[in-house]
Amino acid sequence: MVSPPEATSTPPRRRGEGQWALGYREPLNPNERSKKDDNPLNVRSRIESRYAAGGFASIDPADLRGRFRWWGLYTQRRPGIDGGRTAVLAPEELDDEYFMLRVRIDGGALTTEQLRVIGEVSQTYARDTADITDRQNVQLHWVRIEDVPAIWRELEAVGLSTTEACGDCPRVVLGSPVAGIAEDEIVDGTPAIEEITRRYIGDPELSNLPRKFKSAVSGSPRQDVVHETNCVSFVGVDHPEHGPGFDVWVGGGLSTNPRLAVRLGAWVPLDDVPDVWHGVVRIFRDYGYRRLRHRARLKFLVADWGAERFRQVLEEEYLGRRLTDGPAPPPAVRDRDHVGVHRQRDGRYYVGATTVAGRVSGSTLVALAKAAERAGSGRVRTTVHQNLLVLDVPEAQLAALRSDLDSLGLRSDDRPWRRGVMACTGIEFCKLAIVETKGRAAELVSELERRLADVGSDLGDPVTVNINGCPNACARTQVADIGLKGQIVRAEDGRQVEGFQVHLGGGLGLDAGFGRKLRGLKVTAEELPDYVERVVRRYVEQREPGERFAR
Ligand code: SF4
């Protein structure tokens, strides 16, 4: 276990927040107790030695609903439980005997061999399910505990893992999907991501954080890792004296108390990114609030301290040196999602293709690996927009690859609604969900493609519609043009039905800010296509020249 850091001169908050650095070492809630009782990473040996043989019934509940997450495992929602009962049922009533398994894909970087293995694992052990998440991971469903050791063996044989894919620990490190190949890249963050994951993922010193810790590194001027929403982000910037490096942002996060990250005003060269990342994560471990789960994210500490004090503590207590002051990155250039055909700096091309709200299948991933290899590529990327890129394609292979992608339902042409619509897991598998999301997203995309075919390129940037099954905002409710938060609403005839609270006009990059949650602006799930169509048509008819949807 982590030894308590030295107490500092920082005065304690009036009510203890459970900060280790201030001497609060006794667990203040059951989650903290569970982590103190046993390092969650230790659960792997119990899965391999006991639970896989003993089956679901043999699993200790504290492992099942707590420590399993450190290895990417969540119980699925039992089928047939409607969203109105989510909040009233006990966890064991919501649990199915099957698991979601999250495979972490740091930087979104996969070889075609790795992609094929994920697909084959899905076909063999996960009923051919696969979802690309908006954090560049792949999630499989219907996994049995009996199969988990075999799945780990297959994934780990090709360098993949589920280590700390969930839980109160450092989650996947987001990265630019075009790192190392883009013509307009400021700096390639790949070595930093590789070093962070090599040194620190699975490190027992960092496996008991107050809550999840989200990271991102991108040296692309397109700012393609939603850096404003991460606990720590490194954003590519050219320093006038020191050259290419990264601007450090901390304290972003959405969920029920959204906050955008703030800049520390510090410039960090590529080689120093892992050390600075390590300093930030240790501040979170030592000073993060542990009393209340809903206040335990880094964003609350950053909000209380402010950027200046955070940087001072980072420099004085964790790095032992001053950081270099640096400029803000310029506003992001367009096309953050990389969809379409783009030239790489080595003269080859990458092809970005849309999924429908991340839903693919194991068979699709296997077929995609084959198609990419036929086109001469050995590398694929996932994106924070739930899409996929095939890299390193010679010009002569582009047409054949795009035709293969089309036949797999992966579209590389400009389809604004496939580009714009995202969805979280929702009621199909998520125990916290109130409404269905992925299926609704698919219906919405096909309805909007049909109804708004005449609008097409008039939209400029695709209008983003982020569909979330509950207030947790896993699909970034507050930063979409049209953000949808699932809840039970009243239909015109008085029935209680699935629907959404609408947040209008949020955005990232140039338009960074939260959507307005208009009181009473709720739509039933059934009305959703009508509502989006109405809003978009009004926008197209009434906008001023140069006006953007978000603000
Ligand atoms: Fe589940 Fe809610 Fe997150 Fe959707 S937003 S995946 S329903 S917790």
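Hi everyone, and thanks for coming. Before we start, please keep in mind that we are looking at a predicted model, where local features need pLDDT of at least 70, side-chain atom pairs count only at pLDDT 80 or more, and totals for chains, interfaces and linings use all residues. Residues are numbered from 1 along each chain as its sequence is written.

Let's begin with the whole chain. The protein chain has 14 helices and 21 strands; helices (H or I, at least four residues) and strands (E, at least two) are DSSP runs, numbered from the N terminus. Its radius of gyration, taken over C-alpha atoms, is 23 Å, close to the 24 Å from the globule rule for 551 residues, so the chain is as compact as a globular protein of that length. That rule is 2.2 Å times the number of residues to the power 0.38. Along the principal axes, the C-alpha atoms fill a box of roughly 65 × 60 × 50 Å. Of the 551 residues, 53% count as buried, meaning that 20 or more other C-beta atoms, placed from the backbone, lie within 10 Å of the residue's own.

Five strands form an open, antiparallel sheet in the order 1-2-5-4-14, where two strands pair if DSSP finds at least two bridges between them. At the edges sit strand 1 (73–77) and strand 14 (359–361), each pairing on one side only. Inside the sheet, strand 4 (residues 129–132) and strand 5 (residues 138–143) pair over two bridges, and Ile132 has Val138 in strand 5 as its bridge partner.

How far apart are the end C-alpha atoms of helix 9? Helix 9 (residues 298–319) has 22 residues, yet its ends are only 18 Å apart, short of the 32 Å that a straight helix would reach; that expected span is 1.5 Å times one less than the number of residues. There is also a kink of about 105° in helix 9, centred on Gly306, with the bend taken as the angle between axes fitted to the seven residues ending there and the seven starting there. Among the buried residues of helix 9 are Phe300, Phe310 and Arg311. The buried residues of helix 9 pack against strand 7 (213–218), strand 9 (243–250), strand 10 (262–268) and helix 8 (273–287); here, contact means C-beta atoms, placed from the backbone, within 7 Å. Just after helix 9, Gly320 takes a positive phi of about 70°.

Note on methods:
A residue is buried if 20 or more other C-beta atoms lie within 10 Å of its own, exposed if 12 or fewer, and partly exposed in between; C-beta atoms are placed from the backbone. Two residues are in contact if their C-beta atoms, placed from the backbone, lie within 7 Å.
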